[in-house]
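Q: Can we go through this model together? I'd like to start with how a term is used, then move to the details.

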Amino acid sequence: MSTRIKIDPVTRIEGHLAIEAVIDDGVVKEAKSAGTLFRGFEIILQGRDPRDANRLTQRICGVCPTSHATASALCIDDAFGLTDKISDNARLIRCLILGSNFLQSHILHFYHLAALDYVDAVSAIGELAPFVPRYEGDYRVSGEANAELVNHYVRALDIRRKCQEMLSIFGGKMPHSVGIVPGGVTEKPTEDKITNFLWRLNEIRDFVSNTYIPDVIAVAKAYGDYFEIGQGCKRLLAYGGFDLPTGKLFKSGVVSPDLQLQPFAEENITEDLKHSWYADSESGKSPAQSQTKPEPNKKRAYSFIKSPRYEGKVCELGPLARMVNNYVQADAKVKGLVDSLLGQLGAGVEGLFSVLGRHAARALESKFVADSMVDWLQALKPDEPTIVDNEIPETGEGAGLTEAPRGAVGHWMTIKDKKIDRYQVVTPTAWNASPKDDRDQPGAIEQAIIGTKVKDKDNPFELVRIVRAFDPCLACSVHLLDAKGSKSGVFRVV
Amino acid sequence: MKGRKVATKEYPVIWLQGAGCTGCSVSILNAVSPRIQNLLLDEVVPGHRLNLLFHATIMAGQGEPVIEVLKDTKKNRKGGYILVVEGAIATAESGAYGSIGEIDGKHVTVQQSVEELGKNALLAIALGTCSADGGIPAAQPNPTLCKGVKAVFDEKGIETPVVNVPGCPPHPEWFTGTISVILFSGAEALDLENLGRPKLFYGQLIHENCPRRADFDKGKFAKKLGEPGCLYQLGCKGHYTYADCPLRQWNNGVSWCVKAGSPCLGCVEPEFPDGTSPIYEKITFEDLK
């Protein structure tokens, strides 16, 4: 007999998401990730000063605003013809701002969003909200080791805060920084700022190396079966990101399930709409050409998330995709980090395609980014410029592709009469949490859930652990009601 | 601090998220004194503590059991809890554009939750500009008919007092400071200005306390971003924005918008963002009238 499990809301993610799973003989047969993507941001941006997109699109997400600041700045630079003129200082400072927020976001994700699925906070803190109510029955770390993880939950609150304080040296404030602007950055890299940044960074690097990574290993040792749970589509996509004067820190590429690399080309991205509440006439188009036309009463649809696909294929984005991309492209640092961790855990590369693989990739990526930031600081030149003059063109087109903590993000813009004519944003969660596409292929999270054994349907730990390992970033899931008041689906407003 | 031993007074808190970005929550996570762990676990002021019953980004539970918490609070803690709302309230299609979860197979909209929980709350804190005034989701053409808490309460005749703590996002101390007044002296002690914001934080113009004020007085204006001088010609909205950013600064005093060379966006004002943009163009006080 089949049972339907609905988890709504899925908490401890950015925003709201609903997950539905049909379980037959204890195994998930069907899954629906009913997240959303429609606050109307793209519609609100139409007709505005193109430079304002850089401030406004950050407000898509308060957890990763700097990714949108970066993507929109690259997009505007492109449309304004500035891409080749951005100074080395500006590139480095933009990367330091983005890197600082990668660190805060990854630390926040592991300790404050994901850890409560593995760590027994109640035994250390007591029966206290917001640590109750919760799922019961599968907390495997006990005694001192558990108490230590709970202590680190509290300490990590300070460390992630300090990441944002570090970011503010060049970014002005967080969330919603002001330092990254079209043409460069507003702050100058004076020696005192560089040193101030460095010592804040050193404290965070110490935490990542000596607390965060060991904690992920401790959890992995207690929950070893999660190296096999939640494998997903195994096709990994990265646009590449962190545009340094020496090239990109994260390489772009598409890695197939047998770890073969294919070069990434932007024109292979299309967005399917069959199961999304948008007009079918726009389905299958490139984001550089499509329009956002909501159709909330469309039959078959169950999400306001579109279904981005690469050559029509489902892809997973995020730290796992980036680390594996750099790994197969023989990045020595990444290879060293990944091989050393897998060795400690006695897992093979195939173990990365899992719940624990995603947590491990995120932790290692934190170290990779944090250590690289030291080099970027040293490359800054206090006397050299950080911004170039710019003017809004009469007409123009731009694309800004980069990496956010949760995966690749892209902004596309068209300018007409010096105003925004069209703006499109494709977020990493649109890929990961997408509904089925025009060929009825389930999205990445849906695929990771399908086939999972659920031990206790009243406490379906497996499902929430899989979903949270992707670190989904939604704002608020929105549910459509049909005329009779019964559910016709779920969508959300970005 | 030593004092007479009395029973701890507890203030249950329900924190709802509507059409927003979670940036207000992230900003509160950046609080320094008290820190977020103090807000969650300790007596924030001696003898008084918060009890955060519901917050979707940090609570352990999920699914129907956490929606039960809302039902239980509304019924059994009438008049005794603080409602914090982050994000705007989408009111188009009877609130169908914003839901916080599902119970008994039915969706619970943000609008319905704000109204029902608002009715029985001790007071509501509209945290952030979206919640106070609609903010970016309510910007033209306002596709989902977003509104702030006070506007929704007024339409439904809900008389629960609303404290507006705007900002995109708000400074963490504007929130912890508001909580401190409530815990120390009672909600009635909050001294609010005409837009419902505590005068303690929103009493003076950015322009009055700006470190670049001397440049303005001397007529020394920056012509390009990154230059020294007053940012008025580059679109700074500090001359009609009421907030204490220049004095308090952001992120543990590290910096703030103008210090980093960026014009003030006017993000605490009800006109944000339509009345405060283009962001990098000069808008005079007269333009607003």
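A: Before the details, one definition: a residue is called buried if 20 or more other C-beta atoms lie within 10 Å of its own. Keep in mind that this is a predicted model.

Q: OK. In strand β10 of chain B, which residues point one way and which the other?

A: Val162(B) and Asn164(B) point one way from β10(B), which spans residues 162-165, while Val163(B) and Val165(B) point the other way.

Q: And are those residues buried or exposed?

A: All of them are buried.

Q: Which strand does β10(B) pair with, and in what sense?

A: Its partner is strand β8 of chain B, residues 123-127, and the two pair in the parallel sense over four bridges. Within that pairing, Ala126(B) stands opposite Asn164(B).

Q: What else is Ala126(B) in contact with, leaving aside neighbours within four places in sequence?

A: Its contacts include Val162(B), Val163(B), Asn164(B) and Val165(B). Val85(B), Ser131(B), Ala132(B), Gly148(B), Val149(B) and Lys150(B) are also in contact with Ala126(B).

Q: Which residues touch the most other members of the largest nonpolar core?

A: Ala126(B) again, together with Ile14(B), in a core of 239 residues. Helix α4 of chain A, residues 88-114, gives this core its largest share, 15 residues. From chain B, domain 1 (9-201) and domain 2 (204-289) each supply at least three residues.

Q: Switching to the interface. How many residues of each chain are in contact with the other?

A: 66 residues of chain A are in contact with 68 residues of chain B.

Q: Which element of chain A gives the most to that side?

A: α6(A), with eight residues. Elements supplying at least two residues each include β1 (2-7), α6 (143-171), β16 (476-481) and β17 (487-493) of chain A.

Q: How do the residues on that side divide by type?

A: On the side of chain A that touches chain B there are 32 nonpolar, 16 polar and 18 charged residues.

Q: Last topic, chain A overall. How many helices and strands?

A: Chain A has 13 helices and 17 strands. Its radius of gyration is 22 Å, close to the 23 Å that the globule rule gives for 494 residues, so chain A is as compact as a globular protein of that length.

Q: What share of chain A is buried?

A: Buried residues make up 61% of the 494.

Methods
Residues numbered from 1 in each chain as written. Chains lettered and ligands numbered in written order. Predicted model: local features only at pLDDT ≥ 70, side-chain atom pairs only at ≥ 80, totals over all residues. Contact = placed C-beta atoms within 7 Å. Nonpolar A, V, L, I, M, F, W, Y, C, P; charged D, E, K, R; others polar. Buried ≥ 20, exposed ≤ 12 C-beta atoms within 10 Å, placed from the backbone. Pairing = 2+ DSSP bridges. Rg over C-alpha atoms; globule rule 2.2 N^0.38 Å. Core = buried A, V, L, I, M, F, W, Y, C linked by C-beta atoms within 7 Å. Domains from an automatic or database assignment.
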